[in-house]
Amino acid sequence: MEHCHHARFVFNIGLEQRSMWRPSKHDRGTHPELGPLDAARVNTATQMRELAQLRAELDWLRAGSSVVQQAALRDLDRAFANFFSGRAKYPTFKRRSEREGSFVVRDLTVRRLNRKWGVVTVPKVGAVRFRISRLWAEIEAASSARVTHRNGRWHIAFTTPAAAKIIAGTAAVVGVDRGVKNTLATSDGRMIQAPAMSAGEQTRFLALQRRLARQQKGSARRAQTLDRLAVLRRRLEDRRTNWVEQVTTDLARTYDVVAVEDLRVRNMVRRPAPKPDPDQPGAFLPNGARAKAALNRAILASVWGRFLTRLEHKMPEGTVLRVDPRNTSRTCAACGHCAPGNRESQAVFECVACGHAAHADTNAAAVILDRALSTQAPGHGVSGRGSPALAGNANQPAA
Ligand SMILES: [Zn+2]
């Protein structure tokens, strides 16, 4: 736990220092979109020296591990490198949280105890047992590891060289639509649901959240409620992780090209509009239903993000295509006609121009695939309309 606090303290103080720095023109870093920026001159080397000074002054910091604290500065450096290359937003301060904290261990020493357990040496703590959840050879090859305390449980994630890409070699292409009703719908007619909390779990989760809001900060009862919430989160987290791994491996093995919407996931989450009750015009569904819907949307949003990240990890570069998501649900996959009237209901798509009918999500997935293929540079080797995946879909009956 102390390591988490120290890492956070060093990270934050380093960030503050870099943010305050106002250098002369030629000292500035350059962001591809925002232009020249500050924060390039103060660097890891200068900050490492200052960390040493700070440790000399602060007893409590000196009591911690210098390895862990230096790793926090490298963390910060990577955050800035990602920012300057346009891959990430400006780094933010790490908040003190009861539930989450992390630190990085370098120059790993690991030892295998038996089939299931290994031991890693954490500075100033000593040998820490961990459950082996990946190939031992990969763990031994790791150069560093991030230790995270989340939902009342410790995790250790080993940083290893990127895994080999999966190459399907089937020449099959597919479009994938992401939705709330069907988590994933493919252009060849498959619907894939992500695991969600059961109705009972949802009720319990929301009840615990309400209880938490009434409880005194720092009280024993509050801690108990937090533990119970953590158990629920953990259970779902494990299920979701398995699902994302399975479904991305499956797609990578089946298709050579996967097209998805380039969707700002967050925009979808930020819409808590009241739902009118279909049976009572003018009335709205009770609050509980809305809270559950909001909870589900938030959970799905995180699944989508992880799905895409893992898919791009597993498939060769340039084979996961992101397309403009506008009007994918209103456009006909057969003739390209785009009209709001095409969408008969949540589930049924029927084109007002050509009469093409399909499950709405399947149609959207086919539109996504079409868009990806038509914006591809010619000679890429994938054909559009005539591909087996798409041809099969055009005759798909409405579900
Ligand atoms: Zn049509």
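Predicted model: local features only at pLDDT ≥ 70, side-chain atom pairs only at ≥ 80, totals over all residues.
1. Two of them, Cys-335 and Cys-351, are 16 residues apart and link distant parts of the chain. Cys-335 belongs to the loop between strand S13 (320-323) and strand S14 (348-350), while Cys-351 belongs to the loop between S14 and strand S15 (357-359).

2. Is Cys-351 buried or exposed? Cys-351 is buried, because its relative accessibility is 4% and the cut-off for buried is under 20%. Cys-335 has a relative accessible area of 41%, so this residue is partly exposed.

3. How many disulfides does the structure hold? The count is zero.

4. An open sheet. Strands S4, S5 and S6 form an open sheet in the order S4-S5-S6, with antiparallel pairing. The edges are strand S4 (110-112) and strand S6 (126-131). Each of these has a single partner strand, so one side of each has no neighbour in the sheet. From one strand to the next, the twist averages 25 degrees.

5. The pairing of S5 with S6. Strand S5 (residues 117-122) runs antiparallel to S6, and six bridges join the two. In this pairing, Trp-117 is opposite Arg-131 in S6.

6. Salt bridges in general. Side chains of opposite charge can pair when their charged atoms come close. The structure holds 10 salt bridges, and the next points take up some of them.

7. Glu-245 and its partners. Which side chain meets Glu-245 at 2.8 Å, N to O? That side chain is Arg-310, and the two form a salt bridge. Arg-310 lies in helix H9 (residues 287-314) and Glu-245 in helix H7 (residues 220-254), so that this pair links distant parts of the chain, 65 residues apart. Glu-245 also forms a salt bridge with Lys-314, at 2.9 Å from N to O. Lys-314 is in helix H9 and Glu-245 in helix H7, so this pair ties together parts that are 69 residues apart in sequence.

8. Arg-310, at 27%, counts as partly exposed. Glu-245, at 28%, also counts as partly exposed.

9. Asp-262 and Arg-322. These two residues form a salt bridge in which the closest N and O atoms are 3.6 Å apart. Where do the partners lie? Asp-262 is in the loop between strand S12 (257-261) and helix H8 (265-269), and Arg-322 is in strand S13, so the pair ties together parts 60 residues apart in sequence. Asp-262 is partly exposed because its relative accessibility is 39%. Arg-322 is partly exposed too, with a relative accessible area of 41%.

Technical notes. Residues numbered from 1 in each chain as written. Heavy atoms only, no water. Disulfide = S-S within 2.5 Å. Buried < 20%, exposed > 50% of the residue type's maximum accessible area, 1.4 Å probe, protein only. Helix = DSSP H or I, 4+ residues; strand = E, 2+ residues; numbered from the N terminus. Pairing = 2+ DSSP bridges. Axes fitted to C-alpha atoms, helices over the stretch in contact; angles between N-to-C directions. Salt bridge = Lys/Arg side-chain N within 4 Å of Asp/Glu carboxyl O.
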